[in-house]
Amino acid sequence: MKKLMIIMIAIVVTGGINMALAGDAGTGAAGPAKKLETATFAGGCFWCMEPPIEKLKGVTEVIAGYTGGHTDHPKYEEVSSGRTGHAEAVEVHYDPAQVTYAELLDVFWHNIDPTTRDRQFVDSGSQYRTAIFYHNEEQKRLAEESKKKLDASGRFGKPIVTEIVPAGKFWPAEEYHQDYYKKSAIRYKFYRFNSGRDQYLERIWGKDKDK
């Protein structure tokens, strides 16, 4: 009997140790949380800037909103009037281990007309200006390098006027603007086709337009 009790105690103790080790292993397997970074771009209508960026592996969220203005809590009607100084923009949260800032810049350039000031296709006004809002000196350096390289290539036929400026307060747009291309797919496609954006990108980039 005494021997049986000793065996049972040993089994219980061993089981407890194994469970503890398994718990530790499980915790280790989860690993540390991903360290995300933020990028902010203005490329005219924010509806059109969400789709090409959201599809990138490593991008966890793209938020449509307003930045670069001089009022707090701007509303769409106020921004679209041009009185607040804000630009329609997207704030991108991404995992730099999966997608680099340079890759985000490449997608940005492939989806805008960087040669028009205060205008993108059918939309005119400072609220539709193109801009890169950098969050640190490395982003600024990469943005300036990419702009200089594209300018020198002569691809656009005109000088690039896209601003490269420090990021400021970003205000998320109203909920109905978020993922508009999914929520109102027919209206989005109608607007996009009639805006002339895709026709321009096809002319400038050809087969590389979807890069």
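Predicted model: local features only at pLDDT ≥ 70, side-chain atom pairs only at ≥ 80, totals over all residues.
Of the 211 residues in the protein, 42% are buried, while the exposed surface comes to about 12,100 Å², of which carbon and sulfur atoms supply 58%. When contacts between residues at least 6 apart in sequence are considered, 76% of them join residues that are at least 24 apart.

| Core | Size | Residues, among them |
|---|---|---|
| Largest nonpolar core | 42 residues | F41, I53, V92, Y101, L104 and I132 |
| Second, separate core | 7 residues | A42, I63, A87 and F133 |

The residues named for the largest core are those with the most contacts inside it, and helix 4, which spans residues 101-109, gives the most to this core, with 6 residues.

How do helix 2 and helix 7 pack, and at what angle? Helix 2 (residues 46-54) and helix 7 (residues 185-195) meet at an angle of about 105°, and their axes lie 10 Å apart. Because angles of 65 to 115 degrees count as roughly perpendicular, the two helices are roughly perpendicular to each other. Helix 2 contributes W47, C48 and P51 to the contact, whereas helix 7 contributes Y188, Y191 and R192; these residues divide into 5 nonpolar, no polar and 1 charged.

Conventions:
Residues numbered from 1 in each chain as written. Heavy atoms only, no water. Buried < 20%, exposed > 50% of the residue type's maximum accessible area, 1.4 Å probe, protein only. Contact = heavy atoms within 4.5 Å. Areas by Shrake-Rupley, 256 points an atom, 1.4 Å probe, with all protein chains shown as cover. Core = buried A, V, L, I, M, F, W, Y, C linked by side-chain atoms within 4.5 Å. Helix = DSSP H or I, 4+ residues; strand = E, 2+ residues; numbered from the N terminus. Axes fitted to C-alpha atoms, helices over the stretch in contact; angles between N-to-C directions. Parallel < 35°, antiparallel > 145°, perpendicular 65-115°, else oblique. Nonpolar A, V, L, I, M, F, W, Y, C, P; charged D, E, K, R; others polar.
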